[in-house]
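Hello,

Here is the structure I said I would pass on. My notes on what was found follow below it.

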Amino acid sequence: AQQTCMSMQNANESPTLAELSALVMHPPHGEPNKFLWLGPSGITIGKVNLSADKPRDIMEEVDHMDHRRVEGRLECPVGVSLSEYHMLLAYPHKLNAFSIYTKTVVYEDVWPQDYGNAVGLVNDPTSEFQWLFTKQMTMKYKPMDESRYVWRVFLERGDYAKALMIARSRLQIDPEAHELVLKRQAEKFLADGNYTAAAEILAQSTESFEAVVLKFMSNDDARRLGLKTLLEKKLESLQRPEASFLRYQNSHFLLGCYLF
């Protein structure tokens, strides 16, 4: 189980740089695939590969975030935790959730000073609660809808496969996100001249059939092949009576496009 608890000799003081050291991994169950290390120089995020041939390749650093300065002083966490898309850093009077990919704060909770200074942060992998505690009290947090904005991060990076995977998992919650990822990926394939791949993507889109077909209307053989792929994929997704009707409808539509 993933657990981090950093104690301090004096609850009114932050740990010194030399005392900063904590290592957590994710997921907490089974084989981990990422790690977070809190050290004197900052926060290090990396990959874990337990199947690596050489011991030195088991843990690979991917990114690093220096400790921030607030009013000229280093702001050092007293506890850390790691989720699928975020790192949680507990500071003396607040909890911050940072995006692993953009290193921006996506959540912040500041509590009154009479609650006391944070002493540590512990993750319960069974309930998925994050427990933060001071000398006076404990507070619990639980990530909700973690992937809400993550699909957009991958989309902006051009990692369409990951963006689509996340958007598809949230299809019932946010269908617009799924549609946008499909559109952007198809646009990239069309720009690259990969019309078959674009057709396979657009066949999943809710964009009108006529509008999609017009993207492939040309005497160019590659576009014609893309159009053929689009029709095949559309027909495969329909029940037999619907497919027969659509085949008849498409034939007339395409004939009209080519004649006029």
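**A buried asparagine**

With a relative accessibility of 0%, N96 counts as buried, because the cut-off for that term is under 20%. Please keep in mind throughout that this is a predicted model.

N96 belongs to strand β9, which covers residues 94-99. Two polar contacts involve the N96 side chain: one goes to the side chain of R68 at 3.0 Å, and another goes to the side chain of E108, also at 3.0 Å. Leaving out residues up to four places away in sequence, N96 touches R68, M87, L88, L89, Y91, V105, Y107 and E108.

**The sheet around β9**

Which strands does β9 sit with? An open sheet of four strands runs in the order β7-β8-β9-β10, with antiparallel pairing. Its edge strands, β7 (79-82) and β10 (105-110), each pair on one side only. From one strand to the next, the twist averages 15 degrees.

At the β7 end, four bridges join β7 to β8 (residues 86-91), and these two strands run antiparallel. Within that pair, V80 is opposite L89 of β8.

**Two nonpolar cores**

The largest nonpolar core is made up of 27 residues, and V181, F216 and L230 have the most contacts inside it. Six helices each supply at least two of the core residues: α1 (150-156), α2 (160-169), α3 (175-191), α4 (195-202), α5 (209-214) and α6 (221-236).

What does F216 touch? Residues up to four places away in sequence aside, its contacts are L190, Y195, A198, A199, L202, R223, G226, L227 and L230.

In α2, the buried residues are Y160, A163, L164, I166 and A167. Viewed down the helix axis, the buried residues of α2 fall within an arc of 165 degrees, so they line one face of the helix. The other side of α2 has A161, M165 and S169, which are exposed. Where does the cover for the buried residues of α2 come from? It includes α1 and α3, and both of those helices also supply residues to the 27-residue core.

Regards

Terms used:
Residues numbered from 1 in each chain as written. Predicted model: local features only at pLDDT ≥ 70, side-chain atom pairs only at ≥ 80, totals over all residues. Heavy atoms only, no water. Core = buried A, V, L, I, M, F, W, Y, C linked by side-chain atoms within 4.5 Å. Buried < 20%, exposed > 50% of the residue type's maximum accessible area, 1.4 Å probe, protein only. Contact = heavy atoms within 4.5 Å. Polar contact = N/O pair within 3.5 Å; in protein donor to acceptor, adjacent residues only side chain to side chain. Arc of directions from axis to C-beta. Pairing = 2+ DSSP bridges. Axes fitted to C-alpha atoms, helices over the stretch in contact; angles between N-to-C directions.
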